[in-house]
Amino acid sequence: MAGIGGIITADKVLQIRALTTIGGSSLLIAFCMGLWLRTRRPHNQWFVRAPRLFVTLAFALGGALFGLLAAWGITTLLPNSPYLWLGQIGFDLPISSAIACTTMSWRWRGTLSK
């Protein structure tokens, strides 16, 4: 969606951010979380017994914190980077990680209720 907004407004920075920090991080987080949920096969963990909304909020908060940690690490490693998209990484990574975790956990937890 951010890529479409970047194309419509002809904003090159938004187009690059859509592929890297917004879409790329959402893809990576959703992929890793999906693999983790499939391989662990949690049957009697707390997130199987807890209400769906609570599980979703917990994973969203964890995803946002992971995104903040990743953004902090990247900006620490590349403090004077010439890349324009790194200026917004502190906002893009936590938000996109939280959205990916929210979507994955809501859908996964919904399959357990059936």
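Serine 105 is buried, as its relative accessible area is 0%; buried means under 20% relative accessible area, exposed over 50% and partly exposed in between, with a 1.4 Å probe and protein chains only. The model is predicted, so local features need pLDDT of at least 70 and side-chain atom pairs count only at pLDDT 80 or more, while totals for chains, interfaces and linings use all residues. Residues are numbered from 1 along each chain as its sequence is written, and side-chain values use heavy atoms, with hydrogens and water left out.

**Overall fold**

The protein has five helices and zero strands, in the order α-α-α-α-α from the N terminus. Helices (H or I, at least four residues) and strands (E, at least two) are DSSP runs, numbered from the N terminus. Of the 114 residues, 32% count as buried. Among contacts with a separation of 6 or more, 66% join residues 24 or more positions apart; contact means heavy atoms within 4.5 Å.

Serine 105 belongs to helix H5, residues 89-112. A polar atom of its side chain lies 2.7 Å from the backbone oxygen of cysteine 101. Methionine 104 is also in helix H5.

The axes of H5 and helix H4 (residues 52-77) come within 7 Å and cross at roughly 150°. Axes are lines fitted to C-alpha atoms, for helices over the stretch in contact, and angles run from 0 to 180 degrees between N-to-C directions. H4 and H5 are therefore roughly antiparallel, a term for angles over 145 degrees. By class, their contact has 15 nonpolar, nine polar and three charged residues. Here Ala, Val, Leu, Ile, Met, Phe, Trp, Tyr, Cys and Pro count as nonpolar, Asp, Glu, Lys and Arg as charged, and the others, Gly among them, as polar.

| Residue | Contacts |
|---|---|
| Serine 105 | Met33, Val55, Thr56 and Phe59 |
| Methionine 104 | Ala30, Met33 and Gly34 |

Methionine 104 counts as partly exposed because its relative accessibility is 26%.

**A loop residue**

Alanine 10 lies in the loop between helix H1 (2-9) and helix H2 (12-40). Its phi is near 55°, a positive value in a residue other than glycine. Most residues other than glycine have a negative phi. Alanine 10 counts as exposed because its relative accessibility is 57%.

Note on methods:
A polar contact is a pair of N or O atoms within 3.5 Å; within protein, one must be able to donate a hydrogen and the other to accept it, and residues adjacent in sequence count only if both atoms are side-chain atoms. Angles under 35 degrees count as roughly parallel, over 145 as roughly antiparallel, 65 to 115 as roughly perpendicular and the rest as oblique. Lists of a residue's contacts leave out its neighbours within four places in sequence.
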